[in-house]
Amino acid sequence: MNATESCSWTGTLTFNSVTISGTITVTGNLTINANSFVLNTAGKLNGVGQGYAAGYGPGATTATGGGAAHAGCGAQGGCSLVSTAAYRVYDSMMAPVECGSGGTSSSGAGGAGGAALRLVVAGSLVLNGSIDVSATAGTSVSCTYCYAGGGGSGGSIWVTAGALGYSTGSLAANGGAGATSGYGAGSGGRIAVVAGSHEYASAAWGDWKLGLTAGGGVNTDGVTAAAPGTVYVDVGSRNRSLVVDNRAAGRTANPAYVVDGSVSFALAEVRLARGGTLAWPAVVGSNTTTVSVGVLTGDGSGAVTWQNRTVCVV
């Protein structure tokens, strides 16, 4: 399969080998199965705003002009961790498969959530182009006593491969911006990249050239944001790493959450950067959730909260 022009993909597609040099619109949930996969520098998998429509999805809120949840709450906060509740945190940080939710429409339209991409490659994978399943922003309004729309939440990208070749592209699942000062931005989504090996010089983040971004949407004041998303990397020597990065230190934001349902986690690294905050609740119904972490790293601007009945062993 050699995709050089623009087209739209959805559902489940299976190929022997795939090379993408054009723009593929990812609509809703897309699963691609292939023996080998190359995304060239000019290639794009674009799922921006292709998830849940405004006001729909598990992270949608009824709050006027509210931003949607995914990995965490919209900028207005108050979302639920209950798996059956509306306006809830959802999806796995290690194996994400859910679309982003839509922000609330008021006088202005709410933003749409990002799409969900599942990429399964048996052999070699090279990502030099861009994969973007970010949400769209809420729409601003200029009338008196009107309310702007809320931003959608970022979607999800889950990549598994036999081997990750030297890749310099970018993966993004950012939340949609809010159209109000201090209110209305959508949460970041979730990204997971899993492969048996990589071709970078080392496991150091400085040698890792594949960009991975799942930031929360930012409000119009520029200093408040929605919750960041989560990025999980388990690729050869860069193994079992959870990164929470909200793109700018100093912004007021809600935390990202891990709600995978396991009572035991073993991570080599948890990294908090650029205002990324993380909260780890215990699994509902369990006595204790244990998180083993080899090392906690970051730039000093983030924070992690181990909630009631969650035990961290470093």
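Is W205 buried, exposed or partly exposed? W205 is partly exposed, with a relative accessible area of 23%. Buried here means under 20% relative accessible area and exposed over 50%, with partly exposed in between (1.4 Å probe, protein chains only).

The model is predicted: local features need pLDDT of at least 70, side-chain atom pairs count only at pLDDT 80 or more, and totals for chains, interfaces and linings use all residues. Residues are numbered from 1 along each chain as its sequence is written, and side-chain values use heavy atoms, with hydrogens and water left out.

Rings of Phe, Tyr and Trp (its six-membered ring) were taken to pair if their centres lie within 6.5 Å; planes under 30 degrees apart count as stacked, over 60 as edge-to-face and the rest as tilted. The count by this rule is six aromatic pairs. One of them joins W9 and F15 in a tilted arrangement, with 5.5 Å centre to centre and 35° between the planes. W9 counts as buried, at 8% relative accessibility. W205 and W208 also pair, edge-to-face, at 6.2 Å centre to centre and 70° between the planes. W208 is buried at 8% relative accessibility.

The criterion is NZ of Lys or CZ of Arg within 6 Å of the ring centre and within 35 degrees of the ring normal. The charged end of R238 sits over the ring of W205, 3.9 Å from its centre. The charged end of R118 sits over W158, 3.5 Å from the ring centre.

On a 1 Å grid over the protein atoms alone, a cavity is a set of points where a 1.4 Å probe fits but cannot get out; a pocket is an open set with protein on both sides within 12 Å along at least five of seven lines; lining residues have an atom within 4 Å of a point. Grid points are joined across faces, edges and corners, and a volume is the space filled by probe spheres set on the points. Ala, Val, Leu, Ile, Met, Phe, Trp, Tyr, Cys and Pro count as nonpolar, Asp, Glu, Lys and Arg as charged, and the others, Gly among them, as polar.

The largest pocket has a volume of about 370 Å³. Its lining holds 21 residues, of which L81, S83, V259, D260 and G261 lie nearest the centre. By class, 13 are nonpolar, four polar and four charged. The second largest pocket holds about 220 Å³. W205 and W208 are among the residues that line the second largest pocket, which also include D245, R271 and R274. Seven nonpolar, one polar and three charged residues make up this lining. Strands are DSSP runs (E, at least two residues), numbered from the N terminus.

The whole structure has one cavity of 30 Å³ or more. The largest cavity has a volume of about 60 Å³. L212, T213, V231, V243, D245 and R274 are among its lining residues. β14 gives the most to this lining, with three residues. The lining divides into five nonpolar, two polar and three charged residues.

Strand pairing was assigned where DSSP finds at least two bridges between two strands. Strand β13 (residues 230–235) is mostly covered, with five of its six residues buried. Six bridges link β13 in the parallel sense to β11 (residues 190–195), where I191 stands opposite V231. β13 runs antiparallel to β14, joined by four bridges. V235 stands opposite R238 in β14. Two residues lie between the strands of this hairpin, and G236 takes a positive phi near 55°.

Three further strands form an open, parallel sheet in the order β15-β17-β19. β15 (256–257) and β19 (303–306) stand at the edges with a single partner strand each, so one side of each lacks a neighbour in the sheet. β17 (residues 277–280) pairs with β19 in parallel over four bridges. W280 stands opposite W306 in β19, and A279 opposite T305. Two bridges join β15 to β17, also in the parallel sense; here the bridge partner of Y257 is A279. Both faces of β17 are covered: T277 and A279 are buried on one side, L278 and W280 on the other.
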